[in-house]
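This report covers the ligand sites of one structure. The sequence and coordinates come first.

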Amino acid sequence: MALRLYNTMSSRIEEFHPLRDNEVRMYACGPTVYDYGHIGNFRTFVAVDLLRRFLRQSGYKVRHVMNITDVDDKIIRNAARDGVSVQQYTAKYEKAFLEDAALVGIEQPTLVRATEHIPEMADFVAKLAEKGVAYRTDDGSYYFRIAKFPGYGKLSKKDFQGMLDGARVDVDEYDKDSARDFALWKSPKPGEASWDTAIGPGRPGWHLECSVMSMQELGESFDLHAGGEDLVFPHHENEIAQSESLTGKPFAHFWFHARFLLLEGEKMSKSLGNFFTLRDLVLKGHKPSSIRYLLSSVPYRNQLNFTFDGLKQAAVSVERLRNFRLRLGTGYFPAGANPAMQSLAAETVARMTAALDDDLNTAQAQAAIFEMVRQANAAFDTGGVKKDDLAPLLAALAKFDEIFAVLVDDDGPKMKLVMNWALAEGRDKEISEALREAVQSERLSDADIENKIAGMKAARNARDFKTSDALRAELSAAGIIVEITRDGIRWRRK
Ligand code: AMP
Ligand code: ZN
């Protein structure tokens, strides 16, 4: 069965097929690097990561491009406030974003930066002006004339009848219900960063970068464009208007939008004090794997209400999966196969795939693996899991983890990185006792190591090299050097 995805453009669930061959070309709007990312941002980035992983698991080659918005109103304002260049200001937060993305297991897309594409953006504006869809104002700014694009509003389904031709807005974020000619290019203001280009000095408006860089990397028409639901209007609507006016071709085929995350039932807001970055949560002692698990547990189009109870529950779920795998690696199993276990594993794989094919129903996929764990655990206790059942059970777990990526226990070293960052930033007071304890107990005991080595041996005997490699990665993350020799597996501490 093919993947069915909701397409914001058609407002329907459609079968997904790439436009060209077996390759999926997808673009996701990335972070504006003016501060640390919050868990709402990562809700969307994790959703896109799950999509990318599932497309790959479905047999597609995936080209995934993400932009880094490293120039916009807020960045320019903050850089000027701190008396540093835009580049100096954003470097810190771009680095932090990449570290945070790795923290929650996001595979890195091809990154493109706005400030590295300024001449191409100016060129794009010049072409729009030639076509008569962009105009220059007295101060040297350029605006897109939305009255020239009849399809304006087709993504957000807003009715812009009676809009004012020529009414303009020059800020990047504007009133959600007003259709105005939007800024493509902004003339320099005193004290603000600007670039000299073929269309004069200035800087790009926010929407421009995604049109220019996505088409440069992926072609004029590509498969899928993603972001959080707030981007539907005006950002994506404006991207479509710019791109399709220039090329005369459909821009993205599928539009994928993740619903906004709520925190304890409310909109996240700094002033209400219910606002968390990923690092805030780790500082409180929560594991990165619990955060990833929670962010992926609610299908991307449903509202995820992030609660601390939910986070604790997620930690229990991850622990259960890890323990199950350890049990498969270290338990005693009588020879032979149990047909019930064999079909349980096969059915679980089929259920997971069917769930994810159904508009990425991550909750159902997780339910399927837990049903397998429950039934297999019950069978263990009565000797119902046989030696030859290990390979299919491990394979089902591995298939699950190709998408959810929580089985490798690398929480300790990741938490240590966050602790070191807090110390370096002089934020010692924010380091909780729970985090200190987690980092201290990170050192594995000899018995823990022997357990994992036994798990590796069992996995290798079942020719499940993925599991063996995953266990080896866990050991290596904890500073254990593992050598696989003809005589067996040896280990030593670094
Ligand atoms: P920004 O850095 O503000 O440009 O946002 C980066 C990404 O995070 C965009 O795709 C936003 O739509 C998304 N985003 C922002 N806030 C939330 C939220 N509360 N829930 C889900 N996604 C969000
Ligand atoms: Zn964008």
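Helices (H or I, at least four residues) and strands (E, at least two) are DSSP runs, numbered from the N terminus. The model is predicted, so local features need pLDDT of at least 70 and side-chain atom pairs pLDDT 80 or more, while totals for chains, interfaces and linings use all residues. Residues are numbered from 1 along each chain as written, chains are lettered from A and ligands numbered from 1 in written order, and side-chain values use heavy atoms, without hydrogens and water.

Ligand 1 is surrounded by 15 residues (a heavy atom within 4 Å); the closest are Gly40, Thr44, Gly228, Asp230 and Leu261. Helix α1 contributes the most to this shell, with four residues. By class, the shell holds five nonpolar, eight polar (Gly counted here) and two charged residues.

Polar contacts (pairs of N or O atoms within 3.5 Å) include these:

| Residue atom | Ligand 1 atom | Distance |
|---|---|---|
| Asn41, polar side-chain atom | oxygen | 3.0 Å |
| Thr44, polar side-chain atom | nitrogen | 2.6 Å |
| Gly228, polar backbone atom | oxygen | 3.0 Å |

Taken alone, ligand 1 exposes 490 Å², of which the protein buries 88% (Shrake-Rupley areas, 1.4 Å probe). Elements giving two or more residues to its shell are α1 (39-57) and β12 (222-228).

The zinc ion (ligand 2) is coordinated by Cys29 (SG), Cys210 (SG) and His235 (NE2) at 2.0 to 2.2 Å. Donors are N, O and S atoms within 2.8 Å of the metal (3.2 Å for Na, K and Ca); water is not among the atoms, so sites may look incomplete. Along the chain the zinc donors follow the spacing C-x180-C-x24-H. Because Cys29 lies in the loop between β3 (23-28) and α1, and Cys210 in helix α5 (residues 206-218), the pair ties together parts 181 residues apart in sequence.

Definitions and conventions: Polar contact = N/O pair within 3.5 Å; in protein donor to acceptor, adjacent residues only side chain to side chain.
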